[in-house]
Amino acid sequence: MTPSLDRSYAEQLDREDSLAAFREAFHFPRGAHGGRSVYLCGHSLGLQPKDVAHIVGEELDAWATLAVDAHFSSKRPWVAYHEQLTPGLARLAGALPSEVVAMNSLSVNLHLMLASFYRPQGRRRKVLIEHRAFSSDRYAVRSHIQHRGLDPADTLIELAPRAGSYVFDCEEICEAIAREAEELALVLLPGVQYLSGQSFDMAAITTCARRHGCTIGFDLAHAIGNVPLHLHDWDVDFAVWCSYKYLNGGPGAIGGCFVHERHGRAFELPRLAGWWGHDKRSRFAMPDNFVPLTGAEGWQISNPPILAAAPLLASLALFERAGLEPLRAKSIRLTGYLESLLRAWLGDTLEILTPRNAEARGCQLSLRLNMPSERARRIHEQLHREGFVCDWREPDVIRVAPVPLYNSFVDVWQFANALRSLCST
Ligand SMILES: *Cc1c(COP(=O)(O)O)cnc(C)c1O
């Protein structure tokens, strides 16, 4: 069938999609006329896998019927519960199992990593982040700078994107690192930028940061489960993520953390300690001295939130079954299809802030309508009333993310068609 702008072509693409059945493994919120909404908001909160109720129910049962004994003698003993998440997370992160751990939430993990890996020394004190970084990351970094008695005003570098654009040039990032190298302690960047959807060249940036002796960390909130990651091979120092976006772990889900094997036995690094990061063999003997576990697990503090971890098991099983390569291949086609419909139907009415090159983005497109932002906001509200779930970011950005695990080509067609008709009236 030759590509066309007709709905029938989208239907054809769905029929040919080998991952189409995974859609049925998720609950969709209700849309406008009682049917399913067209949910394009997985960058904010992933949908609930249908298995979640069962898997959470098992832990509620374990609590009810075994109570404290469920720590050691239930179907999935709580004491090691987080370890079941390790293999799936390691595959998604491109890491060794010993390099990843599910724990806490994103911003908390970022604090733990900064406590260990932001080590201002002599002239090397500065931290480089991107302009318009997610608020929480910026707050966390600024607070660490202040914690060390330094002033963010001359310690925090917020690198600007290309003039008039939301997109960063990887070469400019590397040039900035080279320029600041003698004073730069840490580079902290997103894997995928939350506002623009740009996917950074993490391999090149890591090589460049490490060549200049800077520690390099990534915030993977919008990257994990979205774009391929090879944190181990890239030689990244640390990374953090949350699990409620593309990982479908549910609101407040347990977050994750990567620490490169190179640091797995770096016991001299200062860390904020707690009993769950202590040697498993003597954890319950509670000796006076803290003996950290090797690997990422040595950064744990508390026993894990079982009810906030169970849903992630259900979701990781779906990633496992679908396979990361087929998912990425579908993602590129799905987002490319969205882009081609929007360009064909909306032309100059619409600006796409996300890079065009598939390598430089995940599934999200960030859109700006060329019209007064009040009108654009009303269009977004109308989309929502008609059952299209995407989001609005001040001042005027609409973020739309077709997620390959549960979105269809018809979803994309319907969204582009609805936006076209709202913009033309
Ligand atoms: C979603 C997101 C967060 C959220 O932080 P929590 O600690 O999970 O509330 C932080 N940073 C970035 C870049 C994000 O996209």
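Is Ser 107 buried, partly exposed or exposed? In this predicted model, Ser 107 has a relative accessible area of 27% and is partly exposed, because buried means under 20% and exposed means over 50%.

## Ser 107 and its surroundings

Ser 107 belongs to helix 5, which spans residues 106-117, and Ser 107 is also one of the residues around the ligand. The side chain of Ser 107 forms a polar contact with the side chain of Ser 136, at a distance of 2.6 Å.

Arg 142 stands 35 residues apart from Ser 107 along the chain, and the C-alpha atoms of these two residues are separated by 13 Å.

## The ligand site

Besides Ser 107, the residues around the ligand include Leu 106, Phe 134, Asp 137 and Asp 219, and also among them are Ala 221, His 222, Cys 242, Tyr 244 and Lys 245. By residue class, this shell divides into five nonpolar, two polar and three charged residues.

A polar side-chain atom of Asp 137 is placed 2.7 Å from a nitrogen atom of the ligand, and an N or O atom in the side chain of Asp 219 is 3.3 Å from a nitrogen atom of the ligand. For Lys 245, an N or O atom of the side chain is 2.6 Å from an oxygen atom of the ligand. On its own the ligand has 390 Å² of accessible area, and the protein covers 83% of that area.

In soluble globular proteins, nonpolar side chains tend to be buried together. The largest nonpolar core here has 74 residues, and those with the most contacts inside it are Leu 85, Ile 177, Val 187, Phe 218, Leu 220, Trp 241 and Leu 405. Helix 11 (residues 306-322) supplies the largest share of this core, namely ten residues.

## Ser 408 in a loop

Ser 408 is located in the loop between strand 15 (397-400) and helix 14 (409-424). With a relative accessible area of 8%, Ser 408 is buried, because the cut-off for a buried residue is under 20%. A polar atom of the Ser 408 side chain lies 3.0 Å from the backbone nitrogen of Asp 411.

## Backbone features in loops

Most residues other than glycine have a negative phi, and most peptide bonds are trans. Against that background, a few places in the backbone deserve a look. Glu 394 and Pro 395 are joined by a cis peptide bond, with omega about 5 degrees, and Pro 395 sits in the loop between strand 14 (391-393) and strand 15.

Ala 67 is not a glycine, yet its phi is positive, at about 45 degrees; Ala 67 is in the loop between helix 2 (52-66) and helix 3 (70-73), and with a relative accessible area of 37% Ala 67 is partly exposed. Asp 235, although not a glycine, has a positive phi of about 80 degrees. The loop that holds Asp 235 runs between helix 10 (231-234) and strand 9 (238-241), and Asp 235 counts as partly exposed at 24% relative accessibility.

Key:
Residues are numbered from 1 along each chain as its sequence is written. This is a predicted model: local features need pLDDT of at least 70, side-chain atom pairs count only at pLDDT 80 or more; totals for chains, interfaces and linings use all residues. Side-chain values use heavy atoms; hydrogens and water are left out. A residue is near a molecule or strand if one of its heavy atoms lies within 4 Å of it. A polar contact is a pair of N or O atoms within 3.5 Å; within protein, one must be able to donate a hydrogen and the other to accept it, and residues adjacent in sequence count only if both atoms are side-chain atoms. Accessible areas come from the Shrake-Rupley method with a 1.4 Å probe; for residues, only the protein chains shown count as cover. Ala, Val, Leu, Ile, Met, Phe, Trp, Tyr, Cys and Pro count as nonpolar, Asp, Glu, Lys and Arg as charged, and the others, Gly among them, as polar. A nonpolar core is a set of buried Ala, Val, Leu, Ile, Met, Phe, Trp, Tyr and Cys residues joined through side-chain atoms within 4.5 Å. Buried means under 20% relative accessible area, exposed over 50%, partly exposed in between (1.4 Å probe, protein chains only). Helices (H or I, at least four residues) and strands (E, at least two) are DSSP runs, numbered from the N terminus.
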